[in-house]
Amino acid sequence: MSLSLVQGFSKSLAMTVLSEIGDKTFFAAAILAMRHPRRHVLAGCLSSLIVMTILSAAVGMAAPNLISQTLTKHITTVLFFGFGLWSLWDAYNDDDSEELAEVEAELDADIKKSNEGTTKSNNKTDDDSKKKNRPFLTQFFSPVFLKAFSITFFGEWGDKSQLATIGLAAAENPMGVVIGGIIGQALCQTAAVFGGKSLATQISERFIALSGGILFIIFGIQSFFSTIES
């Protein structure tokens, strides 16, 4: 096993765990698991994050081919320092209970909206027509799976963990980044789904943000010296 693969794996695993624990998608998975079958929630959330990790790593891997490798390293260094300062700012300013309450309110509003648009009918012909006219994807996947997938995917899109994965894949071994990211996502989502809201409320978002900020700054320092050496 090459050193670059191990470095990419370890950095991606550490970054993913510290970025995802206490994140919106972590709380969303915990709350959804309280209301729906856990296996469907876990499958939907994890599938979404695996797709996101692979896409992000692919973008990062392509970056050096689109722009110079030196410029790629400079951008990666700036990203890591920026995310580090962003996380430290969050640690200093955020309220531990704010994120969980915000996610729960959003999910409640979504459920209420969907319930308002649903009409009850006991007529068998109506039920048959609903089955025929239901969205294409729901014929192959459960609605809970699709809901968990979409909430997680759009919640992660543009998030700092996604951008950090792109930066890592540009600077490190992309395969190691993908493997580390997937394992980290699996650990976090499994903890969220089976730990539930009780685990989510015990997590200190401030401590996680502080730890993540320090980790990003360490990555930034390493990337900076790597740029100088090259």
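Phe 81 is partly exposed, because its relative accessibility is 30%, and the cut-off for buried is under 20%. The residue is found in helix H4, which covers residues 69–93. In this predicted model, Phe 81 belongs to a nonpolar patch on the surface. Helix H10 supplies the largest share of the patch, with 4 residues. In an α-helix there are 3.6 residues a turn, so residues three or four places apart point the same way.

Helix H10 spans residues 205–229 and also holds Phe 216. Phe 216 counts as buried, because its relative accessibility is 2%. Its contacts reach beyond its neighbours within four places in sequence. Among them are Met 15, Ser 19 and Ala 164. Phe 80, Phe 83, Gly 84 and Ser 87 are also in contact with Phe 216. Leu 88 lies 128 residues from Phe 216 in sequence. In space, the C-alpha atoms of Leu 88 and Phe 216 are 9.8 Å apart.

Helix H2 is mostly covered, with 9 of its 12 residues buried. The buried set includes Phe 26, Phe 27, Ile 31 and Leu 32. Thr 25 is buried as well, as are Ala 28, Ala 29, Ala 30 and Ala 33. The length of H2, residues 24–35, was also checked. At 1.5 Å a residue, its 12 residues should span 16 Å. The end C-alpha atoms of H2 are 17 Å apart, which agrees with that expectation.

The protein as a whole has 10 helices and 0 strands. Of its 230 residues, 39% count as buried. The accessible surface comes to about 12,600 Å². Carbon and sulfur atoms account for 65% of that surface. Contacts were also sorted by separation in sequence. Among those between residues at least 6 apart, 93% join residues at least 24 apart.

The average pLDDT of the protein is 79, and 76% of the residues score at least 70. Over residues 118–125, pLDDT stays under 50. For residues 118–125, the model has 4 contacts beyond four places in sequence.

Methods:
Residues are numbered from 1 along each chain as its sequence is written. This is a predicted model: local features need pLDDT of at least 70, side-chain atom pairs count only at pLDDT 80 or more; totals for chains, interfaces and linings use all residues. Side-chain values use heavy atoms; hydrogens and water are left out. Helices (H or I, at least four residues) and strands (E, at least two) are DSSP runs, numbered from the N terminus. Buried means under 20% relative accessible area, exposed over 50%, partly exposed in between (1.4 Å probe, protein chains only). Contact means heavy atoms within 4.5 Å. Accessible areas come from the Shrake-Rupley method with a 1.4 Å probe; for residues, only the protein chains shown count as cover. The expected span of a helix is 1.5 Å times one less than its number of residues. pLDDT is the predictor's confidence in each residue, from 0 to 100. Patches are made of residues with over 30% relative accessible area and no salt bridge: like charges are joined within 9 Å, nonpolar side chains (Val, Leu, Ile, Met, Phe, Trp, Tyr) within 5 Å. A salt bridge is a side-chain nitrogen of Lys or Arg within 4 Å of a carboxyl oxygen of Asp or Glu.
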